[in-house]
Amino acid sequence: MGEILVDCDILVVGGGIAGLSLASALAGRTGVLVAEAEPTLGFHTSSRSARQLIPSYGPAVVQDLTVRTLALIRALEVHLPDPVLKARSFLLVGSEETVRDRASGHMHPIPPAQMMALAPELKPECFPAAGLDTTSVGCDTDVLMEYHRRRILDRGGRILTGSPVRSARFEPGADDAGRWITEAGEEIIASRVVVNAAGAWADQLAALYSARPRGLQPYRRTAAVVDVEHPLSENAPMVADADETFYYRAEGRQVLISPSESVPSEPMDARPRSGDVEALVELVNSVTTLGITGVVRSWTGLRTQTADGLPVVGYDDVVPGFFWLAGQGGYGFQTSSGIAELAAAMLLDGTPDSSAAEALSPARTGL
Ligand SMILES: Cc1cc2nc3c(=O)[nH]c(=O)nc-3n(C[C@H](O)[C@H](O)[C@H](O)COP(=O)(O)OP(=O)(O)OC[C@H]3O[C@@H](n4cnc5c(N)ncnc54)[C@H](O)[C@@H]3O)c2cc1C
């Protein structure tokens, strides 16, 4: 490694929604630097989501973090010319049993007549039961990420793109202190803490810092925007099948659809597989009257999860100054500000006494 060019308190590796939200929460409170491998921010999973925040989706701790994230985004929206959030409820359809299994404080069962009033394109014989989450909203993820980017820079933080982290070494200091020396692209960065917000590459990044992998597995998920004969109304809910075989929502006069697949993958720039979108179009056309006429564009992203399905947030229990911010799975946007708030408190004020911190700890049993 060459000469040290950059010094900071906290180096965040990964410029997706996770890394940007945390750096934005830290900026102005400590010296923060984001290193992103790709030439643009949000290149991987964070530019490939369905852009919906669903408080009834996920385990209890995820639901709590989603509610907190919604409150934090509503508070930041007042500083922006355009809103980040858009009212769009979430309608879950399926058998009585599968819908009942997903009922929670935010999701309540509704009668079939109400389901048809909300989503008249559904073929009622296909879906005997439905549940509705009226607290769910759409999210302009581009505006949200730009807000965080701007806030980091305005408060003296730095962002390096095209700077893949390739190697690192720990330099011990006096009194248990020490610092990480990280090679990121052309830069050599010295930092007290390194945050692992590397998404699908989180376990690989951990290996560079000699941290034990946490079994973070990327899973493929595809989506497409399609033309339809019968567009959805502007305030139509997002509709998802409780067996996770499809979901769809309005995208202007077009419709965004997904097969909701979870297929294991290596970390990579994932692309749709031949036949996947065609099979989905056939399925959606068979259970709705949308009448899909063509595919405008399609993409695939990787949702990275641990074995217990919860994110990993907190200091590594063995490696000094190495902090995990990974495994957000399908909840990365809906938990982003809540997790950033929690992580910033851990990094700046010590470990907060919270049940969320315990539930997400990298030292929890089973990881
Ligand atoms: C089809 C689909 C639909 C989804 N829908 C939703 C939704 O509606 N709501 C929701 O909340 N979530 C949704 N998600 C999930 C959400 O998109 C993710 O949880 C979130 O984007 C993950 O963000 P991240 O920052 O952890 O990862 P990423 O966005 O992948 O960012 C990680 C970054 O780390 C960088 N990196 C990796 N290794 C290095 C290295 N060595 N050096 C430097 N940089 C490195 C990568 O280049 C990458 O940019 C969806 C996902 C998919 C695929």
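Reader: Which residue follows α8, and near what value is its phi?
Author: This is a predicted model, in which local features need pLDDT of at least 70 and side-chain atom pairs count only at pLDDT 80 or more, while totals for chains, interfaces and linings use all residues. Residues are numbered from 1 along each chain as its sequence is written, and side-chain values use heavy atoms, with hydrogens and water left out. Helices (DSSP runs of H or I, at least four residues) and strands (runs of E, at least two) are numbered from the N terminus. After α8 comes Gly350, and its phi is positive, near 90°.

Reader: How far apart are the end C-alpha atoms of helix α8?
Author: The expected span of a helix is 1.5 Å times one less than its number of residues. Helix α8 (residues 336–349) has 14 residues, so it should span 20 Å. The model agrees with this, as the end C-alpha atoms of α8 are apart by 19 Å.

Reader: How many of the 14 residues of α8 are buried?
Author: Buried means under 20% relative accessible area, exposed means over 50%, and partly exposed lies in between (1.4 Å probe, protein chains only). The buried residues of α8 include Ile339, Leu342, Met346 and Leu347. α8 is mostly covered, and its number of buried residues is 10.

Reader: Is Arg100 buried or exposed?
Author: Arg100 is found in helix α3 (residues 96–101). Its relative accessibility is 56%, so Arg100 counts as exposed.

Reader: What is the relative accessible area of Glu244?
Author: Glu244 also has a positive phi, of about 55°, and is not a glycine. It is found in the loop between β14 (238–241) and β15 (247–251). Glu244 counts as partly exposed because its relative accessible area is 35%.

Reader: The backbone oxygen of which residue lies 2.5 Å from a polar side-chain atom of Ser21?
Author: Ser21 is found in helix α1 and is buried, with a relative accessible area of 3%. A polar contact is a pair of N or O atoms within 3.5 Å; within protein, one must be able to donate a hydrogen and the other to accept it, and residues adjacent in sequence count only if both atoms are side-chain atoms. The backbone oxygen 2.5 Å from the side chain of Ser21 belongs to Ile17.

Reader: How much of the ligand does the protein bury?
Author: A polar side-chain atom of Glu36 lies 2.6 Å from an oxygen atom of the ligand, and a backbone N or O atom of Ala50 lies 2.9 Å from a ligand nitrogen atom. Accessible areas come from the Shrake-Rupley method with a 1.4 Å probe. Taken alone the ligand exposes 1000 Å². The part of this that the protein buries is 95%.
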